[in-house]
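Subject: Structure handover

Hi,

Here is the structure I promised you. Please open it alongside this note, which goes through what turned up.

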Amino acid sequence: MTSPPPAPSLRPYQREAVSAVLSARRAGVRRMVVCLPTGAGKTVIFAELSRLARRGVLVLAHREELVEQARDKIHRALAGEAIVAVEQAARRASRDAKVLVASIRSLHEARLEDLLAGRDIGLVIYDECHHAAAADNLRVLRRLGAFDFGWNGTLLGFTATTTRGDGKGLDTVFERIVYAKTLPELIEQGYLARLSGYRIATTADLSRLSGDGLDFAEDELALAVDIEERNALVSRAIQELARDRRTIAFCVTVRHARNLCFALNALGVPAGIVHGTMTPEDRARALEDFRKGRTIVLTNVGVLTEGFDDPGVSCVAMARPTRNEGLYAQCVGRGTRLFPGKTDCLVLDFVDLSALDLCTLPSLFGMPRDVDLEGRDASAARRTWDRIAFDHPGFELEAGAITLGEIQDRAARFDPLGLGISDEVRALSGHAWSSLGKYGLVLHFERRPGQLAEALVVSRGVRGKRWEVLVDGESMARFSRIEEAVEAVDYEVQRMGRAAEASALASAAWRSEPALAGSGAKTRADALRIEVFLRVVRG
């Protein structure tokens, strides 16, 4: 009998995750989550936890690929010291197995009862646990005792995203996220492949689609994007930009995937298709053709967002627009695994007409969603964006496609003194209010000659009484509309007398006095505006 291959050594963050789980359990947390991006080696972590477990372990997975991955890696981690068995379809776990890897869809009531009979399960590992809030999955977890008072087991979920398409939160199942790393963090640390990207604008119109929920309704979205002109544009972009890169294209529906596959083949790009309604044999054949290079592009619907492990993929084409950042990160993550000779993964964002926020590679890295990276590295672009934000606080972009070079040029010309107040405020107040952009307004005046005062109206959120009035740093009141706040300040200034009110006018003599050397302004009033602007913007 051949011995299993050696277990992979844990990376530093994987060891941190194991320690975080053990510490949380000692602290009394029974239902916890580890959130790591695709390609981070979640299976390696729960294989190590299975090795450390003193009682039985049950691993729950949704897809056949995940079941097999988990079994193989746990078998390697245990190095033959304990039996790892699969419970799925016709396969039954042996009674002496320490670790059970089960398809949660196979665990109907009778089968679950039989599986648990005579076993002491102390650790339940739920892979891709963002599915946990679904009703039938909750049934399994309840039968395992995960929600029972006094349960002495541990429910540990692993996922690359804590958001679900239906909006149900994981807080209904789990108590705490005990460890998390983001995709940009692991890329920066060299554990995942770097991402570069292009923004390709289309004429498909999403403006009439419902904005309810976390994402678009698939039937509505398919009608808007599965059109011949757009499919031809996507195909040409893949042909010209991806070139010989092995590419995964994410689509909305099976029909959309078929139509895009047909458009690619019509251009001479060898393309295949994989989707959930295919037979296991046909799906395995399509994946094999892709791995062997018989096809270069693989269009798919949902199948490759979870459990797909092909590190040779070096391009992801987002033919499926989404507002769900978790789904977007899962799709992009399919190209982030390291592979010999692979320098990066190219992401093609196909951006349709929409007033809603569509996820793009720049937005995943904390940049404005409309930035066109022009094929550049996203991590390097993020550092450039952070420098722009630091050097030019308060600088804001208008909606629309823009490159980093254009942002740098506009930021260099940005002058906070050029920000204007709204026509509504100008119409109701004769005082010298100054704009702080989206952050609010400021008015300087003299309570009495020589004693300068500052009235700030600053934004505190987006709903309710969002406009807070502070006078010399002391909070006075909050208002629903900025005009109400301005009127309240103006009224208080008037109550202070004619001298105070005169000092609040733009014509007040003190405003034109020379600014102190080194302030970067010509007048005292401008120096005050810049100082307040920087203070408010930088928090």
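Val29 is buried, at 4% relative accessibility. The cut-off for buried is under 20%. Val29 sits in the loop between helix 1 (12-26) and strand 1 (31-35). Leaving out residues up to four places away in sequence, Val29 touches Ala24, Glu175 and Arg176. Glu175 is 146 residues from Val29 along the chain, yet their C-alpha atoms are separated by 7.1 Å. Keep in mind that this is a predicted model.

Look at strand 9 (residues 247-250) and strand 11 (residues 297-301). They pair in the parallel sense over four bridges. Ile248 has Leu298 in strand 11 as its bridge partner.

**Helix 4**

Which residues of helix 4 (residues 109-116) are buried? They are Arg111, Leu112, Leu115 and Leu116. These four cover an arc of only 130° around the axis, so they lie on the same side of helix 4. Glu109 and Ala110, on the other side, are exposed.

What do the buried residues of helix 4 pack against? The partners are strand 2 (56-61), strand 3 (84-87), strand 4 (99-103), strand 5 (121-127) and helix 5 (135-144). After helix 4 comes Gly118, with a positive phi near 75°.

**Positive phi outside glycine**

Arg243 is not a glycine, but its phi is positive, about 55°. Arg243 lies in the loop between helix 8 (228-242) and strand 9. With 65% relative accessibility, Arg243 counts as exposed.

Asp472 is another case. Its phi is near 55°, again positive in a residue other than glycine. You will find Asp472 in the loop between strand 19 (467-471) and strand 20 (474-479). Asp472 is partly exposed, at a relative accessible area of 43%.

**Salt bridges**

Side chains of opposite charge can pair when their charged atoms come close. How many salt bridges does a search of the whole structure find? It finds 30. Some of them are picked out below.

- Arg51 and Glu48: their side chains meet at 2.7 Å, N to O. Both are in helix 2 (residues 42-52). They are three residues apart, so about one helical turn separates them. Arg51 is partly exposed at 38% relative accessibility, whereas Glu48 is buried at 15%.
- Arg535 and Glu454: the closest N and O atoms are 2.9 Å apart. This pair links distant parts of the chain, 81 residues apart. Arg535 belongs to helix 18 (residues 524-537) and Glu454 to strand 18 (residues 451-459). Arg535 is partly exposed, with 35% relative accessibility. Glu454 is buried, with a relative accessible area of 11%.
- Arg460 and Glu468: here the closest N and O atoms are 2.7 Å apart. Arg460 counts as partly exposed at 42% relative accessibility. Glu468 counts as buried at 11%.

There is also a network of salt bridges. Glu188, Arg194, Asp377 and Arg383 are linked in it.

**Where to look**

Then view helix 4 from the side of Arg111, Leu112, Leu115 and Leu116, the buried residues. Finish with the salt bridge of Arg535 and Glu454, which joins distant parts of the chain.

Best wishes

Notes
Residues numbered from 1 in each chain as written. Predicted model: local features only at pLDDT ≥ 70, side-chain atom pairs only at ≥ 80, totals over all residues. Heavy atoms only, no water. Pairing = 2+ DSSP bridges. Helix = DSSP H or I, 4+ residues; strand = E, 2+ residues; numbered from the N terminus. Buried < 20%, exposed > 50% of the residue type's maximum accessible area, 1.4 Å probe, protein only. Arc of directions from axis to C-beta. Contact = heavy atoms within 4.5 Å. Salt bridge = Lys/Arg side-chain N within 4 Å of Asp/Glu carboxyl O.
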